[in-house]
Amino acid sequence: MTILVTGARGHIARGLIQQLLATGQPVRAAGRNPGAARPPAGVDAVLCDLADPDTFDTALTGVTKVFLYAEPRGLDDFLARAATAGVQHIVLLSALLTDPASTDAISRIHRDAEQAVARSGIAWTFLRPGAFATNTLQWAPSVRAEGVVRDPFPDSRSAPVHEADIAAVAVRALTEPGHQGAAYALTGPELVSRRRQAELIGEAVGRPVRFAVQDLEEYREELSAWTTPQVADAVIRESAAAVDRPTPVTDTVQKVTGRPARTYGEWARDHAGDFRDEPS
Ligand SMILES: NC(=O)c1ccc[n+]([C@@H]2O[C@H](COP(=O)([O-])OP(=O)(O)OC[C@H]3O[C@@H](n4cnc5c(N)ncnc54)[C@H](OP(=O)(O)O)[C@@H]3O)[C@@H](O)[C@H]2O)c1
């Protein structure tokens, strides 16, 4: 009956583990560094690197449901072992693709992952979030140090989704009947520009935050520090397109969980500590 939650250190997985525990579900936290996952009391942490098949069998013993990150390496192997272990339902953290025919790196990773899960014969639910609100934590160091958000796209608009809302939808999908075969497009409740996001962070921390338009190549270099050049290109293209053609807002969080999706302002208040000066 155990639910395996992969990516245990991730923002979504941490909230999901707490919420599953509150519903009384047996949960196992899985990650590449289980010691660092530090799950709550009553939850075991196990090694599971989705790119390393040697770590799958122990993690999957006794598991009937999985919350799965879309790590393409090793995915087919993981799914075959999951089927053998008796897993009956996989909730995949995919992504909202604005253009289903797109061949960019982000679209490809998530489309391939969905197709692999669908082929596995295990029942599935796809969570397709748009931009995560947590992406803006990348602004935290400059907000803390100088009260500035640096970004090349002040007028790029999105409806950033709160990690707690993605986790809340995942809880429903993992614990209630009726979600198998569903693909849920998840966004926040309203479009906000990046300039407005900076203002909302300022309101949350109680001091003004200035928006400075960043040089595009400097931005590309920053992106390259944490991802591939292909994903960096895709992020830049999507950010530019979202000035005139933002991804439409959905009401799926409300429909699935019965409560409205949290706004970016609420997210900024929840994370105000991340944007405040360190206490001296
Ligand atoms: N950022 C967005 O706007 C966005 C939008 C739509 C969808 N997504 C999807 O959400 C995913 C996570 O987003 P994020 O980076 O913002 O989240 P994050 O909170 O930084 O978490 C990333 C998690 O991915 C796990 N992970 C990565 N490689 C892994 C591997 N080989 N084996 C096991 N776990 C692995 C890590 O697990 P451990 O370190 O605990 O092992 C980590 O907990 C993305 O990869 C993407 O598929 C993101």
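Helix α8 covers residues 194-205, and its length fits expectation: at 1.5 Å a residue its 12 residues should span 16 Å, and its end C-alpha atoms are 17 Å apart. The expected span is 1.5 Å times one less than the number of residues. Helices here are DSSP runs (H or I, at least four residues), and strands are DSSP runs too (E, at least two), numbered from the N terminus. This is a predicted model, in which local features need pLDDT of at least 70, side-chain atom pairs count only at pLDDT 80 or more, and totals for chains, interfaces and linings use all residues. Residues are numbered from 1 along each chain as its sequence is written, and side-chain values use heavy atoms, leaving out hydrogens and water.

**Helix α8**
- Buried residues of α8 are R194, Q197, A198, L200, I201, G202, A204 and V205. Buried means under 20% relative accessible area, exposed over 50%, and partly exposed in between (1.4 Å probe, protein chains only).

**Helix α5**
- Helix α5 (residues 105-119) has 15 residues and reaches 21 Å from first to last C-alpha, close to the 21 Å expected.
- A side-chain oxygen of D104 comes within 3.0 Å of the backbone nitrogen of I106, at the start of α5.
- A105, I106, S107, H110, R111, A113, E114, A116 and V117 are the buried residues of α5.
- Their cover includes β4 (63-69), α4 (75-85), β5 (89-93), β6 (123-129) and α10 (229-241). Contact means heavy atoms within 4.5 Å.
- G121 follows α5 with a positive phi, near 85°.

**Q230 in α10**
- Q230 sits in helix α10. Q230 counts as partly exposed because its relative accessibility is 48%.
- Q230 and I106 are 124 residues apart along the chain, yet their C-alpha atoms are separated by 8.3 Å.

**Ligand site**
- The ligand has 22 residues around it, and G10, R32, L50, H110 and N135 come nearest. A residue is near if one of its heavy atoms lies within 4 Å.
- By class, this shell holds 10 nonpolar, 8 polar and 4 charged residues. Ala, Val, Leu, Ile, Met, Phe, Trp, Tyr, Cys and Pro count as nonpolar, Asp, Glu, Lys and Arg as charged, and the others, Gly among them, as polar.
- A backbone N or O atom of L50 lies 2.8 Å from a ligand nitrogen.
- A polar backbone atom of F132 is 3.0 Å from a ligand oxygen.
- Taken alone, the ligand exposes 880 Å², and the protein buries 75% of that. These areas come from the Shrake-Rupley method with a 1.4 Å probe.

Technical notes. A polar contact is a pair of N or O atoms within 3.5 Å; within protein, one must be able to donate a hydrogen and the other to accept it, and residues adjacent in sequence count only if both atoms are side-chain atoms.
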